[in-house]
Amino acid sequence: MSWTDAVVLALLGTGLAFYAAGSLGLLRFPDTASRLHALTKADNLGLGLVALAAALYWGSLAVAAKIALVWLFAVIAAGTTSQLLARRTRLDEARLHEPHPDAADSARDGGPR
Amino acid sequence: MWRVADWFTLAAIFLLLTVAAALVRCWRGPGPVERIMAAQLAGTGVIGVAVVLGTARGDAAFLDAALIGTLLAAVAVTAFVRGTPKPRAKG
């Protein structure tokens, strides 16, 4: 096994560990904000490391550029969605603390079917 | 002795297992935000599967699929949030 292969396998293993951490965090963290934190950071770091391992293994600059583009778009998507979901969560929490909640509204959104 | 490509295939299986774990959160909820987050994590996981499988098989077409996946990743969440009812101050 060459040095390159060793580096590729090390990056792959680390990336998979971050993926697992993201899934575990989404499953085990207690509230929405911390789950969002696990989802957007750990997962995209895992994708970045896995993509780096793949780019090294391909050994072609054109393919490496395409893989880098995959990761770039994934990070942009994660930034966008985390902002949107966090704002939605804050709206939900503000609605919970209102003095007279509208029963029809809470039943329409996320209530029991 | 395993080749490096075999480890990439094993990585794809592992990624599918983490996606399956995330789907448990999709099932349990408790709210719609959690469910859409689990869908987002499934999306990131499947993009990883595409990259890793394409590398294992030496097929660059998988990378094009991954690229399309990342381009469309934010669309579902954006549509979900835009469908949220407006805050009470308006009404």
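1. Two residues count as in contact if their C-beta atoms, placed from the backbone, lie within 7 Å. In this predicted model, contacts in chain B between residues at least 6 apart in sequence include 47% that join residues at least 24 apart.

2. Chain B contains four helices and zero strands. Read from the N terminus, its elements follow the order α-α-α-α.

3. On overall dimensions, chain B has a radius of gyration of 17 Å, whereas a compact globule of 91 residues would be near 12 Å. The C-alpha trace of chain B spans about 65 × 25 × 10 Å along its principal axes. Of its 91 residues, 38% count as buried.

4. Between the chains, helix H2 of chain A (residues 32-58) packs with helix H2 of chain B (residues 32-57). Their axes lie 10 Å apart, at an angle of about 5 degrees. Angles under 35 degrees count as roughly parallel, so H2(A) is roughly parallel to H2(B).

5. Chain A's side of this helix contact includes A:Thr32, A:Arg35, A:Leu36, A:Leu39 and A:Asp43, and also A:Leu47, A:Val50, A:Ala51, A:Tyr57 and A:Trp58. On H2(B), the residues making the contact include B:Val33, B:Glu34, B:Met37, B:Gln40 and B:Leu41, together with B:Ile47, B:Gly48, B:Val51, B:Val52 and B:Thr55.

6. What is the make-up of the contact of H2(A) with H2(B) in nonpolar, polar and charged residues? The residues divide into 14 nonpolar, six polar and three charged. Among the residues of this contact are A:Arg35 and A:Asp43 from H2(A) and B:Glu34 from H2(B).

Terms used
Residues are numbered from 1 along each chain as its sequence is written. Chains are lettered from A and ligands numbered from 1 in the order in which they are written. This is a predicted model: local features need pLDDT of at least 70, side-chain atom pairs count only at pLDDT 80 or more; totals for chains, interfaces and linings use all residues. Helices (H or I, at least four residues) and strands (E, at least two) are DSSP runs, numbered from the N terminus. The radius of gyration is taken over C-alpha atoms; the globule rule is 2.2 Å times the number of residues to the power 0.38. A residue is buried if 20 or more other C-beta atoms lie within 10 Å of its own, exposed if 12 or fewer, and partly exposed in between; C-beta atoms are placed from the backbone. Axes are lines fitted to C-alpha atoms, for helices over the stretch in contact, and angles run from 0 to 180 degrees between N-to-C directions. Angles under 35 degrees count as roughly parallel, over 145 as roughly antiparallel, 65 to 115 as roughly perpendicular and the rest as oblique. Ala, Val, Leu, Ile, Met, Phe, Trp, Tyr, Cys and Pro count as nonpolar, Asp, Glu, Lys and Arg as charged, and the others, Gly among them, as polar.
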